[in-house]
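Open the model in your viewer and keep the selection panel at hand.

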Amino acid sequence: ATLLYTIKFELMDDSLLALQGNEEEEEEYEQLTAAQVLDRLEESWVNERLSPYLLETQQEVVDCLLEQCQNVEDNFAQASPFAAGIHQLEIQRVKYMVTDYVRTRVQKIEKFAEYCLEEELAKEEDGVPRLSPQEFVYAREYHRNTQDHFRDVALKHMPPAFQKLDKQRSMTVPNLNTFIFFKVKEDVNDVQVDPRELPVDLSRNEIHMSKYNPIGPLLNQGKIKLV
């Protein structure tokens, strides 16, 4: 089932934070500091920028961070000018990462809209979504509008035999064989990086170059990060 996250923290506060995941009736709590939560956002942002295709959505984290930024801004009047300035710098940094993270995802959604929709619709009910509900609606509307525009501008002016699009030929598919660099966050054994070679063991802090496809699951599991 999809994990829904709730993050409670104050920016610039190094106290422990509760990262809560709810999965049906079960609950999990992970204690994180504000710095660790921001590190998680930054890692998600860098991974998204460097991966050739959309990663699993972190929309709940983004929403919570923006909400907390707003709460801090609402309390500026109670802080000294110096403290308010420090908080404002931190908020601007967070908002920049969030904005670029969302922009990067939107660009990928627009490029691979039809592929994204096909993949999401083919997922099992308990599968982890790659798109947030808002992103799914955007991808659907963007694809529909693009198809309507293409049909009105070009297809309807062609002979009947050429007025149908071949989905397999017209769909833009991400190149999952793109080479990427990644850093190992924890030891992983028996990784099949190349089907023509024996599995390899990856040790913590090592940096490797590989095709994206075989190491994509490790990225989603948080065992590696892109660099």
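Is the crossing of α4 and α5 left-handed or right-handed? It is left-handed: the near helix is turned anticlockwise from the far one by less than a right angle.

This is a predicted model, in which local features need pLDDT of at least 70, side-chain atom pairs count only at pLDDT 80 or more, and totals for chains, interfaces and linings use all residues. Numbering starts from 1 along each chain as its sequence is written, and side-chain values use heavy atoms, without hydrogens and water.

Select residues 113-122 for α4 and 133-153 for α5.

Now show the contact (heavy atoms within 4.5 Å). On α4, pick A113, E114, L117, E120 and L121. On α5, pick F136, A139, R140, Y142 and H143. Colour by type: 6 are nonpolar, 1 is polar and 3 are charged.

Zoom out to the protein chain. It holds 7 helices and 8 strands, DSSP runs of at least four and at least two residues respectively. Of its 227 residues, 33% are buried (under 20% relative accessible area; exposed is over 50%, partly exposed in between, with a 1.4 Å probe).

Go to D190 in strand β5, residues 188-191. Its phi is near 55°, positive in a non-glycine residue. D190 is exposed, at 60% relative accessible area.

Finish at N205, in the loop between β6 (200-202) and β7 (207-211). Its phi is also positive, about 75°. N205 is partly exposed at 46%.

Notes:
Axes fitted to C-alpha atoms, helices over the stretch in contact; angles between N-to-C directions. Nonpolar A, V, L, I, M, F, W, Y, C, P; charged D, E, K, R; others polar.
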